[in-house]
Amino acid sequence: IFKQTFKYYKQKATQPSFDDVIDFKNARNLDSVIVKQVPSPSNDLIGELGLKYKENWEIYELKKVPGLFIIPNSFTDKGRRMWANKCVTEYFKKPHETNVDPFDDNPDKMWESSYSLSLLKCCPIWKLRWATLGYHHNWNSKQYSEQPCSELPSELRKTSKLFASMIGTDDFKAEASIVNYYHVGNALSPHDDTSELYLEAPLVSLSFGLSAVFLIGGTSKDQKPEALFIRSGDVIIMSGASRLAYHAVPRILKPTSDAQLKSSSVADNLDLFMSHSRLNINIRQVHS
Ligand SMILES: O=C(O)CCC(=O)C(=O)O
Ligand SMILES: [Fe+2]
């Protein structure tokens, strides 16, 4: 059943209907969520992590998927740029690992001098699909390395700790991170994340760039998933029962007209890339 819903939203022949997709921006189908308010973090942290200043933070929990929290639209424009920039200039470099390690010999070539989208698309940056940080996840054995290759960057540790504390987990240890790079037409197949040795801790997930449809169900693939839009700056937390739930990203939405390409200059390579990409940074605790 999960697979059917996945295929429905992934289809390319016709555009699927998004009527059933929970949307925090347009407040659609929000009768399926519970809202909770938590006090704002300190101003220092807000500024450093590129978060929005808000009196109170609103956290939504899906009624049908207890433990699945969404904190929409958490970052400022500048903050979103800062995070995107880290994904395309830092997180793919050693000691982190990626699917395109050969390019690591010459990481600065990732953005080789091209100002138009067609040229830019030839750059190695478009071939990046994932990077792993901290304890590296081995995709084949589905196991984490014994030793962390590095400590996670401090902004990843601080951000994940902060969001984990918003749902009441004060002792979250950020030990591993996977950064996913998506473009229109890409998808992430249904899976559960159970390689971590300690599964009681929440998983914190940040998204930037293009919007996506996210599906999350239960621990069985026979359970019909809920669909929700994840937009740039949204934070998702999988905790409790939802931590072990099947989930997937069947569709990356095409850029809307307001994301039209800006003028051609080197400084805008990031805008250009981001108007055609979705970046997801998820942070995990591996050990108890
Ligand atoms: O891209 C996403 O939002 C989800 C990524 C994910 O599920 C994973 O990396 O395990
Ligand atoms: Fe996952």
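This is a predicted model: local features need pLDDT of at least 70, side-chain atom pairs count only at pLDDT 80 or more; totals for chains, interfaces and linings use all residues.

Modeller: Happy to! As a reminder, strands of a sheet pair through backbone hydrogen bonds, either parallel or antiparallel.

Look for glutamate 97, whose bridge partner in β5 is threonine 132.

Now move along to β15 (277-284). On one side, β15 pairs with β8 in the antiparallel sense over 8 bridges, and here valine 179 has isoleucine 281 of β15 as its bridge partner. β15 also pairs with β10, again in the antiparallel sense, over 6 bridges. In β15, leucine 279 stands opposite phenylalanine 208. How many of the 8 residues of β15 are buried? The count is 7, so β15 is largely enclosed by the rest of the structure.

Next comes an open sheet of 4 strands, with the order β9-β14-β11-β12 and antiparallel pairing. Its edge strands are β9 (188-191) and β12 (226-230), each of which pairs on one side only. On average, neighbouring strands of this sheet are turned by 25° against each other, direction ignored. Between β9 and β14, which run antiparallel, there are 2 bridges, and leucine 188 stands opposite valine 249 in β14. Helix α1 (residues 2-10) lies across β9, β11 (212-216), β12 and β14, and runs at about 15° to β14.

With the strands in mind, turn to ligand 1. Around ligand 1 you will find Ile178, Asn180, Leu188, Asp193, Ser205, Ser207, Phe214, Ile230, His247, Val249, Asn280 and Asn282. Which elements give two or more residues to this shell? They are β8 (176-183), β10 (203-209), β14 (247-252) and β15. Sorted by class, the shell holds 5 nonpolar, 6 polar and 1 charged residues.

There is also a record to compare: in an unreviewed entry, UniProt lists His191, Asp193 and His247 under "binding site". These residues are spread over 57 residues of sequence, yet they cluster in space, with a largest C-alpha distance of 8.9 Å. Take histidine 191, which sits in strand β9. Histidine 191 counts as exposed because it has 10 C-beta neighbours inside 10 Å, and the cut-off for exposed is 12 or fewer. Aspartate 193 lies in the loop between β9 and β10. With 19 C-beta neighbours inside 10 Å, aspartate 193 counts as partly exposed, since a buried residue needs 20 or more.

Finally, step back to the whole protein, which has 6 helices and 15 strands. Of its 288 residues, 37% count as buried.

Definitions and conventions: Residues are numbered from 1 along each chain as its sequence is written. Chains are lettered from A and ligands numbered from 1 in the order in which they are written. A residue is near a molecule or strand if its C-beta atom, placed from the backbone, lies within 6 Å of it. Ala, Val, Leu, Ile, Met, Phe, Trp, Tyr, Cys and Pro count as nonpolar, Asp, Glu, Lys and Arg as charged, and the others, Gly among them, as polar. Two strands pair if DSSP finds at least two bridges between them. Axes are lines fitted to C-alpha atoms, for helices over the stretch in contact, and angles run from 0 to 180 degrees between N-to-C directions. Two residues are in contact if their C-beta atoms, placed from the backbone, lie within 7 Å. UniProt positions are given in the numbering used here, feature names are shortened, and annotations may be inferred rather than shown by experiment.
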